[in-house]
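Subject: Structure handover

Hello,

Here is the structure you will be taking over. My notes on what was found follow below.

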Amino acid sequence: MPARSLYDYAVIRVVPRVEREEFVNVGVLVSCPAAGLLAAGIELDEARLRALDPGADIEAVRLHLQAIERICRGGRDAGPIGQLPARARFHWLTAKRSSIIQMSAVHTGRCLQAESIVEHLLERMVRTPRAE
């Protein structure tokens, strides 16, 4: 039986009006060092965001979310943070901030296939549940 790998994850949230502390889950950030994985899965539901703030700047939110994806990939186009090792980038991305884009607390899990964990977490944490 294959060994299970430990991974850490945080839910990416958009908090359009920080003073109200209301948020929409828009993605997940996953780090699995054993599999060499640092990835973000992002699915912005504009209607849910607009329900919290009809005047939300959707384009600005998209640009910030794209920056998270670039930092996960690393490299020069991700700026100075993108040059750091993957685990340091994960910790930088999950640091507490009072801004429109925030991360949940970091949680730990175990998986058999690291490449499928982003999809699994998007289904459980981000997508609107479907009626059975």
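In these notes, a residue is buried when its relative accessible area is under 20%, exposed when that area is over 50%, and partly exposed in between (1.4 Å probe, protein chains only). Helices (H or I, at least four residues) and strands (E, at least two) are DSSP runs, numbered from the N terminus.

This is a predicted model, in which local features need pLDDT of at least 70 and side-chain atom pairs count only at pLDDT 80 or more, while totals for chains, interfaces and linings use all residues. Residues are numbered from 1 along each chain as its sequence is written, and side-chain values use heavy atoms, with hydrogens and water left out.

Helix H3

The buried residues of H3 are Arg 89, Phe 90 and Leu 93. They lie on the same side of H3, because they cover an arc of only 100° around the axis. The arc is taken over the directions from the helix axis to the C-beta atoms. E1, E2, E3, H2 and E4 are among the elements that cover these residues; contact means heavy atoms within 4.5 Å.

Helix H2

Helix H2 runs over residues 58-73. Its 16 residues should span 22 Å at 1.5 Å a residue, and the end C-alpha atoms are 23 Å apart, which agrees. The expected span is 1.5 Å times one less than the number of residues.

Buried in H2 are Ile 58, Val 61, Leu 65, Ile 68, Ile 71 and Cys 72. Their arc around the axis is only 145°, so they sit on the same side of H2. An α-helix has 3.6 residues a turn, so residues three or four places apart point the same way. The buried residues of H2 pack against strands E1 (5-14), E2 (24-32), E3 (37-42) and E4 (101-103), and against helices H1 (46-52) and H3 (86-93). After H2 comes Gly 74, with a positive phi near 75°.

H2 against H3

The axes of H2 and H3 come within 9 Å and cross at roughly 155°. The two helices are therefore roughly antiparallel (an angle over 145 degrees). On the H2 side, Ile 68, Ile 71, Cys 72 and Arg 73 meet Arg 89, Trp 92 and Leu 93 of H3.

Ser 5

Ser 5 lies in strand E1 and is buried, with a relative accessible area of 18%. Ser 5 touches Cys 32, Ala 34, Gly 109, Arg 110 and Cys 111, not counting residues up to four places away in sequence.

Regards

Notes:
Axes fitted to C-alpha atoms, helices over the stretch in contact; angles between N-to-C directions. Parallel < 35°, antiparallel > 145°, perpendicular 65-115°, else oblique.
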